[in-house]
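Please look over the sequence and the model shown here before reading on. The briefing starts with the whole chain and then turns to its parts.

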Amino acid sequence: MRFHQVKELVDWAADYHARLADQYARLAAAGEEERVRMALEYLAQRERKLQGDLLGYLDDGSDHRSVLEAWFDDPNDFPHAPVLERLPEGVDGKRVQDVLATALTAHRTLQDLYAHRAELAGGSDERSFFEALASGHEAEVRRIVRDMQRLEDY
């Protein structure tokens, strides 16, 4: 479909975070290496938080209702979606660095998606909304790297 509302993209991203959290949780439950299991559990928790944050935007009382109802034209559905769909399948959960690399790729790809939507935004509110989402993912990347480094140093 060529035309979408912003809320469809937000809903899709929230669902993606949920699926990634589920994948991390499954790998953690099956994991044998303690540090990898802890890393996966941490990432599952972070993904659930991000999912909840996005779902909060979709609540009826959201201050972003007008932005969420905005339409945009994108002939490719959501950019990067095929890449993101393959990421959870590629997590093997054998090394902390591999898990971290997958998590960073997912977050940077989502960050690029939000930056792309900000560039193509139809108005300043929509641009600000997507810039804030992109900035949030940038902060999330820094947080994940910092916390995973602490785990590696443990």
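Predicted model: local features only at pLDDT ≥ 70, side-chain atom pairs only at ≥ 80, totals over all residues.

Residues are numbered from 1 along each chain as its sequence is written, and side-chain values use heavy atoms, with hydrogens and water left out.

**The chain as a whole**

- The protein chain holds six helices and two strands. Both kinds of element are DSSP runs numbered from the N terminus: helices are H or I with at least four residues, strands are E with at least two.
- Along the sequence the pattern reads β-α-α-α-β-α-α-α.
- The chain has 154 residues, and 45% of them count as buried. Buried means under 20% relative accessible area, exposed means over 50%, and partly exposed lies in between (1.4 Å probe, protein chains only).
- Take the contacts between residues at least 6 apart in sequence: 79% of these join residues at least 24 apart. A contact means heavy atoms within 4.5 Å.

**Helix 2**

- Helix 2 (34-58) has 25 residues and reaches 37 Å from its first C-alpha to its last. That is close to the 36 Å expected at 1.5 Å a residue. The expected span is 1.5 Å times one less than the number of residues.
- At the start of helix 2, a side-chain oxygen of Glu 33 comes to within 2.8 Å of the backbone nitrogen of Arg 35.
- Buried residues of helix 2 include Val 36, Leu 40, Tyr 42, Leu 43, Glu 47, Leu 50 and Leu 54.
- Helix 1 (6-30), helix 5 (96-119) and helix 6 are among the elements that cover the buried residues of helix 2.
- Gly 52 also lies in helix 2. Gly 52 counts as partly exposed because its relative accessibility is 38%.
- Gly 52 and Ala 18 are 34 residues apart in sequence, yet their C-alpha atoms are 9.1 Å apart in space.

**Helix 6**

- Helix 6 (124-153) has 30 residues, which should span 44 Å at 1.5 Å a residue. Its end C-alpha atoms are 43 Å apart, which agrees.
- Among the buried residues of helix 6 are Phe 129, Phe 130, Leu 133, His 137, Ile 144, Asp 147 and Leu 151.
- The cover over the buried residues of helix 6 includes helix 1, helix 2, helix 3 (65-68), strand 2 (71-73) and helix 5.
- Asp 147 belongs to helix 6. Asp 147 is buried because its relative accessible area is 18%.
- The side chains of Asp 147 and Tyr 42 are joined by a polar contact of 2.5 Å. A polar contact is a pair of N or O atoms within 3.5 Å; within protein, one must be able to donate a hydrogen and the other to accept it, and residues adjacent in sequence count only if both atoms are side-chain atoms.
- Asp 147 makes a further side-chain polar contact, at 2.9 Å, with Arg 146.

- Leu 9 is in helix 1. Leu 9 counts as buried, at 0% relative accessibility.
- Leu 9 and Leu 113 are 104 residues apart in sequence and 9.9 Å apart in space, C-alpha to C-alpha.
- Arg 117 sits in helix 5. Arg 117 is buried, with 1% relative accessibility.
- Not counting residues up to four places away in sequence, Arg 117 touches Leu 9, Phe 72, Asp 74 and Phe 130.
- Gln 111 is in helix 5 as well, and is buried at 17% relative accessible area.
- With residues up to four places away left out, Gln 111 touches Ala 134, His 137 and Glu 138.

**The largest pocket**

- The largest pocket has a volume of about 220 Å³. A pocket is an open set of points on a 1 Å grid over the protein atoms alone, where a 1.4 Å probe fits, with protein on both sides within 12 Å along at least five of seven lines; lining residues have an atom within 4 Å of a point. Points are joined across faces, edges and corners, and a volume is the space filled by probe spheres set on them.
- The lining has 15 residues, and Leu 50, Asp 53, Leu 133, Gly 136 and His 137 lie nearest the centre.
- Helix 2 and helix 6 are the elements that give two or more residues to this lining. The largest share, seven residues, comes from helix 6.
- The lining divides into seven nonpolar, three polar and five charged residues. Ala, Val, Leu, Ile, Met, Phe, Trp, Tyr, Cys and Pro count as nonpolar, Asp, Glu, Lys and Arg as charged, and the others, Gly among them, as polar.
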